[in-house]
Structure formats: structure tokens, C-alpha cells
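Student: Could you please take me through the interior of this model in a close and connected way? I am new to the structure, and I would like to begin with the nonpolar core and then follow whatever leads on from there.

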Amino acid sequence: MADLNAVKQALREQQIETPSWAFGNSGTRFKVFAQAGVPRTPEEKIADAATVHRFTGVAPSVALHIPWDKVADYSALSGFAADLGVRLGAINTNVFQDDDYKLGSVTNPDPAVRRKATDHLLEAVDIMDQTGSRDLKLWFSDGLNYPGQDDLRSRQDRLALALREAYDRLSDDQRILLEYKLFEPAFYATDVPDWGTSYAHCIELGPKATVCIDTGHHAPGTNIEFIVSFLLRQGKLGAFDFNSRFYADDDLMAGAADPFQLFRIMYEIVRADALNPAYGINFMLDQCHNIEAKIPAIIRSVMNIQEATAKALLVDRDALFKAQAEGDVLESNAILMDAYNTDVRPLLGEVREELGLDPNPVAAYKRSGYQEKIVADRVGGEQAGWGA
Ligand code: LRH
Ligand code: MN
């Protein structure tokens with residue numbers, strides 16, 4: 001049977017990184033529904049991230065996206081965050097929004113465009129030096145829409161060269177998180193489409209390069225927990241971009257579309273004793289709240305990850321391993337399902353109270369008046385995110 005005190009301690013020490021861009025406006029190609037109270041500046045995004053941490057107790061860092069969070073003084077921004085009780089996390093590069101990147105960024109046939117894109121990766125490491133961030137998060141929208149459009153092999157060579165430059169720029173305590181994605185915006189071939197491609201490039205680069213798994217970036221039906229288990233065994237799992245989806249890269253609240261999948265993923269993490277922050281995996285959210293209020297949606301997402309984690313920690317692993325060793329298929333499955341079917345909300349309520357927090361963070365947030373305050377205060381100026 002799981003040791004409840006150990007389970008509660010692991011839950012108290014859990015750390016989830018929120019994404020600055022999820023506090024901004026977002027939508028689809030059809031419509032962006034702007035929301036009142038949305039932040040206008042990186043500082044206001046960080047204030048919202050600090051609010052998520054204030055009510056959940058397990059979201060002590062916020063990832064930035066450059067240039068969406070570009071400021072004149074990143075050390076000052078880091079100080080601003082610290083004053084609010086959070087730290088600046090992964091630095092996300094953006095080589096997908098510039099006109100020059102139509103045919104690719106670091107894989108572009110044009111060497112001048114490749115140079116520009118690679119320089120952006122290096123600029124992001126300069127920013128990490130100022131924010132004290134460990135993680136350089138790289139996602140490339142690079143790909144093709146039609147067969148023959150470009151040479152698949154040459155694009156991999158170009159990608160490898162740019163990754164090498166970024167890798168060699170890292171200091172000892174910094175690392176690369178290489179995120180993969182099956183498709184979109186490219187619809188025929190993506191240059192980093194799957195975990196295998198990311199993994200191979202990370203091995204080619206060296207120990208400071210690891211794979212980032214965005215749970216929305218796989219073909220339907222992909223067994224993501226197998227990828228998690230495999231990369232953990234190889235010591236090459238660096239981070240998650242948690243969200244959920246019914247169809248494609250829907251970027252919905254983590255655990256909303258498939259809480260059982262999130263549980264199976266967290267079980268592989270727990271089974272590898274990889275939950276503790278000291279292990280080094282960055283558990284991030286990467287979501288877009290197109291129609292729902294953003295801060296309570298992110299609080300709910302953090303709670304969904306906590307619930308999946310609590311259930312994973314409650315798996316009776318001794319009994320499970322025994323049943324598995326005996327080839328007892330039904331018993332093995334039943335033991336896992338018992339944990340999954342456990343209502344862990346009372347347990348998490350106790351953990352929050354032990355952290356000096358309200359057992360129901362969403363209700364506490366709604367009572368706090370923060371939402372009304374930001375709607376009243378944040379009038380005028382340009383809202384962050386996608387243009388409405
Ligand atoms: C790409 C992605 C990537 C981010 C972006 C906001 O789909 O998942 O992680 O840069 O979303
Ligand atoms: Mn992502």
C-alpha cells in the first residue's frame with residue numbers, strides 16, 4: 001500500500017510551470033475572443049502567474065516567450081517576479097512569426113534566413129543568462145506543405161548546425177528542451193515531427209539536450225506514456241508541455257479531454273521516481289484559453305495535474321509488480337484502475353491546508369476579487385496575445 005505521508009509530501013513539493021502566453025488573448029484562425037482584464041505587459045502576465053501560485057502553492061515559475069515577453073531589462077523582470085514569489089522559467093524562442101520564416105527558419109534554403117533564426121536562438125540564451133533560467137525551449141514550425149518543396153535530408157543538416165550553435169552557447173547549468181510536433185503549421189512534413197527525431201538530435205548534441213513532450217503534438221491514438229517511459233530510461237526526458245485535446249493541437253486544459261491519459265503519463269513519472277523537482281523534469285503547461293476565463297482555467301489545469309499525480313502516487317506498486325510478474329493481467333490492470341478510480345480531492349484538500357491554502361483554489365480565487373480588480377485596472381493599452 002502507498003505511504004500516505006510520502007504521497008502528501010511529494011504533492012506538497014510538486015512544481016508546475018505556467019506559460020506567460022496563456023494569460024493573453026488567443027483563439028483560432030476563425031476568431032480571437034478578447035477578454036477584459038487580459039494583461040498588457042510581461043509584468044502583468046507574471047502577476048497573473050503569481051496569482052496562480054498564490055492559490056495552488058505548486059506553480060512557482062513562469063515560462064517566457066520571446067519576443068512576446070521582450071523587455072529592456074530581464075534582470076529587473078526577474079526581480080519583479082521574485083517580489084511576487086515566482087521565478088522566471090523556460091525561455092521559449094519564436095522563429096515562427098516572422099515573414100522571413102515562410103519557407104523555414106533554421107532549415108530555410110536561404111543561408112541569411114538561417115543566420116537570422118540561429119541568432120534568435122543565441123539571443124534567447126543571452127536572456128537566460130539575465131533571468132537565471134535553466135531551460136532554452138526550442139520549437140520549430142519548420143516544415144513543408146507539398147512533396148518536393150524542399151530536400152528533407154538537407155533540412156535536417158541545416159537544423160543540426162543551428163542546434164549545435166545554440167548548444168555550444170549554453171553554460172554548464174543550462175540545457176535545451178527540443179519540442180516536437182506532428183504537423184501545423186506545416187501540413188506535409190515537419191522537420192521535428194516526433195519524439196524519435198527530437199531524441200536523435202538530442203543524442204547528437206550531447207547531455208545538455210533533452211526532449212520536450214507537448215501532449216497535444218501526437219497523432220491520434222499515440223501511446224504517450226510509452227514515449228515518457230522510454231525517454232526516462234534513456235535519461236533524455238527534459239520537460240512536458242501539458243494540455244489536452246480531442247482532435248489536434250487543441251491546447252485545452254490539461255486533463256480536461258483525457259484525464260486517464262494524464263494519469264498514465266504521471267504514473268510513468270512516479271514509477272521512475274522522476275516527480276521530485278531535483279530529478280530535473282520541467283512540468284510546464286502550454287495552453288490557450290480561447291473562451292474561458294484564463295486564470296481560473298490555469299488554476300483548474302494545475303489541479304488536474306495534481307489529481308493525476310496523486311492517483312499515480314497511490315498505485316500500490318509492490319502489488320502491481322507482483323501481479324505483473326505473475327502474468328496476472330486482470331489483477332495488474334485492476335490495481336492500476338483502483339488508484340485511478342480513487343477520489344483524491346479530499347487528500348489534495350488536506351495537502352493545500354497543510355500549505356496554508358484554501359482546499360478549493362478555484363473557489364478561493366473567485367472570492368479573492370482579483371478578477372474584478374484586473375478588469376477594472378487593465379483598461380486601455382494593447383492586450384497581450386493574438387490580435388482580436
Ligand atoms: C507550438 C507550441 C510551442 C509554443 C507555442 C506557443 O504549438 O506548443 O510550445 O512555442 O505552442
Ligand atoms: Mn508546446
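Tutor: A nonpolar core is a set of buried Ala, Val, Leu, Ile, Met, Phe, Trp, Tyr and Cys residues joined through side-chain atoms within 4.5 Å. Buried means under 20% relative accessible area, exposed over 50%, and partly exposed in between, with a 1.4 Å probe and protein chains only. The model is predicted, so local features need pLDDT of at least 70 and side-chain atom pairs count only at pLDDT 80 or more, while totals for chains, interfaces and linings use all residues. Residues are numbered from 1 along each chain as its sequence is written, chains are lettered from A and ligands numbered from 1 in the order written, and side-chain values use heavy atoms, with hydrogens and water left out.

The largest nonpolar core has 101 residues. Those with the most contacts inside this core are Phe140, Ile213, Phe240, Phe242 and Ile269. Helix H9 gives the most to the core, with ten residues; helices (H or I, at least four residues) and strands (E, at least two) are DSSP runs numbered from the N terminus. In soluble globular proteins, nonpolar side chains tend to be buried together.

Leaving aside residues up to four places away in sequence, Phe140 touches Val95, Ser105, Val106, Leu121, Leu159, Leu163, Leu178, Thr190 and Val192, where contact means heavy atoms within 4.5 Å. Two of these, Ser105 and Val106, are also touched by Arg114, together with Thr107, Asn108, Pro109 and Arg158, again not counting residues up to four places away. Arg114 lies in helix H4 (residues 111–131) and is partly exposed, with a relative accessible area of 23%.

Helix H6 (residues 195–205) shows how a single element is covered. Its buried residues include Thr197, Ser198, Tyr199, His201, Cys202 and Leu205. The cover over the buried residues of H6 includes helix H5 (152–169), strand S6 (175–179), strand S8 (209–214) and helix H7 (224–234). Just after H6, Gly206 takes a positive phi of about 140 degrees.

Aromatic rings come next. Rings of Phe, Tyr and Trp (its six-membered ring) pair if their centres lie within 6.5 Å; planes under 30 degrees apart count as stacked, over 60 as edge-to-face and the rest as tilted. By this rule there are 16 aromatic pairs. One of them joins Phe260 and Phe263, which are stacked at 6.1 Å centre to centre with 15 degrees between the planes. Because they stand three residues apart in helix H8 (residues 259–271), these two are separated by about one helical turn. Phe263 counts as buried because its relative accessibility is 0%, whereas Phe260, at 25%, counts as partly exposed. Arg264 lies over the face of Phe260, 4.7 Å from the ring centre; a charge sits over a ring if NZ of Lys or CZ of Arg is within 6 Å of the ring centre and within 35 degrees of the ring normal. Lys311 lies likewise over the face of Tyr340, at 4.6 Å from the ring centre. Elsewhere, ring pairs link Trp21, Trp68, Phe96 and Trp139 into a cluster.

The protein donors of the manganese ion (ligand 2) are Glu179 (OE), Asp214 (OD), Asp241 (OD) and Asp286 (OD), lying 2.1 to 2.2 Å from the ion. Asp241 in strand S9 (residues 237–242) and Asp286 in the loop between strand S10 (282–285) and helix H9 (294–313) are 45 residues apart, and this pair links distant parts of the chain. Both Asp241 and Asp286 are buried. Donors are N, O and S atoms within 2.8 Å of the metal (3.2 Å for Na, K and Ca), and water is not among the atoms, so sites may look incomplete.

Finally, some backbone details. Most residues other than glycine have a negative phi, and most peptide bonds are trans. Asp251, in the loop between S9 and H8, has a positive phi of about 55 degrees although it is not a glycine; Asp251 is buried, with a relative accessible area of 11%. Asp273, in the loop between H8 and S10, has a positive phi of about 50 degrees and is exposed at 56%. The peptide bond from Ile66 to Pro67 is cis, with omega near 15 degrees, and a cis bond also joins Glu184 and Pro185, with omega about 5 degrees.
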